[in-house]
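Please look over the structure below. A briefing on its packing follows.

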Amino acid sequence: MKFVDEFRDAELGRVLAGKILATVEPGRHYKVMEVCGGHTHSIYKYGIDDLLPENVELVHGPGCPVCVIPMGRVDDGIAIAHQDGVIFTCFGDMMRVPGSNGTLLEAKAAGADVRMVYSPLDALRIARENPDRQVVFFAIGFETTAPSTALTLKRAKAEGITNFSCVCNHVTIVPPLRALLESPDLRLDGFIGPGHVCTVVGARPLAFIPADYHRPVVISGFEPLDILQSIEMILRQLAEGRCEVENQYKRVVPAEGNLKALEVMAEVFELRPHFEWRGLGFISQSALRLSNAYAGFDAEQRFAVPGVRVADPKACQCGEVLKGVIKPWECKVFGTACTPEHAIGTCMVSPEGACAAYYNYGRFARERVVS
Amino acid sequence: MSDCDHDGCITCGDVAIEMTVVRLDGDLAVCEAADGDVRTVEVGLLDGVDEGDRVLVHADVALVRQ
């Protein structure tokens, strides 16, 4: 397949691994954060960390939107789902994210009409087909997904559909990165930038990382050779004393992003003053809500929701995992009380979550034997 | 299509799927992925999309022409 097979070539992978080994400075420890959950998934699926020198450590970032959704927002969604006449729609892995009193899947089992959709457009189609029901879409995702919600709401408005609304949980990538860079817990040497977020926002929003924090960023694709090459580019910047935003994923990511997507997002959304991130706490202007022009589609205004902040379970250490402070297998409940089948924490729910990636590809077994 | 039958989670994360435009209908297009999956996709964010174009699709929206 074009753009896939040629980026999974084992021999080229070994060449890149050799270049990485030749680039690192012996005795220096490098911590590189992959921002995006898609990268985390690829790293453990393809065993990329096994190809790296021992002094190059990959740290998993907060770029899985399911993993960063706080329990209180899940509770809000479940409260809406249980209201009379509501068809509640969401992406598949969102259905298994635990709130303080169960998941959307359990709400469905208890009688709520909860349906998995592939896109907001699917949810709008359900609204057209069920004019006597209220159809609610639980919107989640970074800037990659937000245009889809925005276009759907524009379409709903243009068609005069009144039985459709949205719980907006869209988040933006820059504020949590800034929060991580400000965190005293973590010393990072560079970032593997989120490729598909940058198809929308472009490269410019990441420029603050080298400008303000003097760390290199390489926007990366998601195939194994993409990630290996991006790591090599980051290490080369460090070796040469440079720090800038480079684009490894030029075959997909235009430097300026998608201006039409940004325009439609600006029309439909506005920044929330603050939003809670699981593990990171409240971060200013880090999420989107519907603008005044689209307030009629805001499910949080249409329905009564608890809107209560809920503390994470004490046993769960997703927060430390999301900040890269601990590795998934270092969590007390990893692989025992918390598994993909019975997840306590969000990082174990989504396939892009660091814990699920470790668990699904068996990485934890090796680490446990070693420890 | 379920949410997680591809290499990664395509529903909420940042994995996008390469698709070929089969038929245009205004800002919507019927697109086909390499695995044969067919979806109706918003293409209004891209200029001058034509049948046969390859586009990168996330959550039923074409974000980039390839």
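This is a predicted model: local features need pLDDT of at least 70, side-chain atom pairs count only at pLDDT 80 or more; totals for chains, interfaces and linings use all residues.

Residues are numbered from 1 along each chain as its sequence is written, chains are lettered from A and ligands numbered from 1 in the order in which they are written, and side-chain values use heavy atoms, with hydrogens and water left out.

Helices (H or I, at least four residues) and strands (E, at least two) are DSSP runs, numbered from the N terminus. Contact means heavy atoms within 4.5 Å. Buried means under 20% relative accessible area, exposed over 50%, and partly exposed in between (1.4 Å probe, protein chains only).

**Helix pairs in chain A**

- Axes are lines fitted to C-alpha atoms, for helices over the stretch in contact, and angles run from 0 to 180 degrees between N-to-C directions.
- Angles under 35 degrees count as roughly parallel, over 145 as roughly antiparallel, 65 to 115 as roughly perpendicular and the rest as oblique.
- A crossing is left-handed if the near helix is turned anticlockwise from the far one by less than a right angle, and right-handed if clockwise.
- Helix H1 (residues 10-23) of chain A and H10(A) cross at roughly 20 degrees, and their axes come within 9 Å. H1(A) and H10(A) are therefore roughly parallel. Their crossing is left-handed.
- On the H1(A) side, the contact residues include Leu12(A), Leu16(A) and Ile20(A). H10(A) contributes residues including Leu228(A), Ile231(A) and Leu235(A).
- The H1(A)-H10(A) contact residues divide into eight nonpolar, three polar and three charged. Here Ala, Val, Leu, Ile, Met, Phe, Trp, Tyr, Cys and Pro count as nonpolar, Asp, Glu, Lys and Arg as charged, and the others, Gly among them, as polar.
- Helix H6 (residues 146-159) of chain A packs on helix H11 (residues 259-268) of chain A at about 60 degrees, with axes 9 Å apart. H6(A) and H11(A) are therefore oblique to each other. This crossing too is left-handed.
- The H6(A)-H11(A) contact includes Ala150(A) and Leu153(A) from H6(A), and Val264(A) and Met265(A) from H11(A). Its residues are nine nonpolar, no polar and two charged.

**Covered helix H5(A)**

- Helix H5 (residues 120-129) of chain A is mostly covered, with seven of its 10 residues buried. Among them are Leu121(A), Asp122(A) and Ile126(A).
- The partners of these buried residues include H6 of chain A and strand E3 (38-42) of chain B.

**Nonpolar cores**

- A nonpolar core is a set of buried Ala, Val, Leu, Ile, Met, Phe, Trp, Tyr and Cys residues joined through side-chain atoms within 4.5 Å.
- The largest has 133 residues, and Phe88(A), Phe164(A) and Ile231(A) are among those touching the most other members. Its largest share, eight residues, comes from helix H10 (residues 224-239) of chain A.
- A second, separate core of 13 residues includes Val41(B) and Val49(B).
- Beyond neighbours within four places in sequence, Phe164(A) contacts residues including Leu124(A), Phe137(A) and Arg302(A).

**His39(A)**

- His39(A) sits in helix H2 (residues 37-45) of chain A. His39(A) is buried, with a relative accessible area of 0%.

**Chain B**

- Chain B has zero helices and five strands.
- Of its 66 residues, 58% are buried.
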